[in-house]
Amino acid sequence: MSQKNLKLVSPALEFSDEFNSFCRNLRTKGLSEIHGIGSMMCGDDFSDDVDNCDEHAKGINLPEGWVPASTWWLVRNNQVVIGTISLRHKLTPFLEEEGGHIGYSVHANERQ
């Protein structure tokens, strides 16, 4: 992976096509669950999902059992989503055993 022009960005509408392509790529590689995407659901309600990510980072409107978490995308050249990371601000007993503070995914073509 070229490390030039990489940066972390908050989920944003301008990356909707690239993010959905990222999700499709991972699903074609057999991943049914994509880690590190926070409140994003890789679906049709992209605008709502982006809003949810912002709110959930602030602890607002969290679904039952969820904890506040901040989500970022790793982009190349301000356009290609090549990875995601979600940082949970605190843990539940379940997350202490199974999830931890950090979830992440890397585009299948960018691995190794």
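Is Asp54 buried, partly exposed or exposed? I looked this up in a predicted model. Asp54 has 43% relative accessibility, so I note it as partly exposed.

**Entry 1: salt bridges**

I counted two salt bridges. I began with the pair that includes Asp54. Lys58 forms a salt bridge with Asp54. Their closest N and O atoms are 3.3 Å apart. I then checked the cover on Lys58. Lys58 counts as exposed because its relative accessibility is 56%, and the cut-off for exposed is over 50%.

Next I turned to Glu110. Glu110 forms a salt bridge with Arg76. Here the closest N and O atoms are 2.8 Å apart. I looked up where the partners sit. Arg76 belongs to strand S2, and Glu110 to the segment after S4, so the pair ties together parts that are 34 residues apart in sequence. Glu110 is buried, at a relative accessible area of 17%. Arg76 is buried as well, at 15% relative accessibility. The cut-off I used for buried is under 20%.

**Entry 2: strands S3 and S4**

I moved on to the strands. S3 and S4 run antiparallel, and five bridges join them.

Which side chains of strand S4 are buried? I went along residues 102-106 and found that the side chains alternate. Gly103 and Ser105 point to one face and are buried.

I then looked for nonpolar surface. Leu87, Ile102 and Tyr104 form a nonpolar patch there. Together they have about 320 Å² of accessible area. I placed Leu87 in strand S3, which covers residues 80-88. Leu87 is partly exposed, with a relative accessible area of 35%.

**Entry 3: the largest pocket**

How much space lies in the largest pocket? I noted about 570 Å³. Its lining takes in 25 residues. I wrote down those nearest the centre: Glu33, Gly36, Gly38, Trp66 and Arg88.

I sorted the lining by element. Those that give two or more residues are helix H2 (46-57), strand S2 (69-76), S3, helix H3 (93-98) and S4. H3 gives the largest share, with three residues.

**Recap**

I came away with two salt bridges, an antiparallel pairing of S3 and S4, and a largest pocket lined by 25 residues.

Key
Residues numbered from 1 in each chain as written. Predicted model: local features only at pLDDT ≥ 70, side-chain atom pairs only at ≥ 80, totals over all residues. Heavy atoms only, no water. Patch = residues over 30% accessible without salt bridge, like charges linked within 9 Å, V, L, I, M, F, W, Y side chains within 5 Å. Areas by Shrake-Rupley, 256 points an atom, 1.4 Å probe, with all protein chains shown as cover. Salt bridge = Lys/Arg side-chain N within 4 Å of Asp/Glu carboxyl O. Helix = DSSP H or I, 4+ residues; strand = E, 2+ residues; numbered from the N terminus. Buried < 20%, exposed > 50% of the residue type's maximum accessible area, 1.4 Å probe, protein only. Pairing = 2+ DSSP bridges. 1 Å grid on protein atoms, 1.4 Å probe; cavity = no way out; pocket = protein on both sides within 12 Å on 5 of 7 lines; lining within 4 Å. Points joined across faces, edges and corners; volume = space filled by probe spheres on them.
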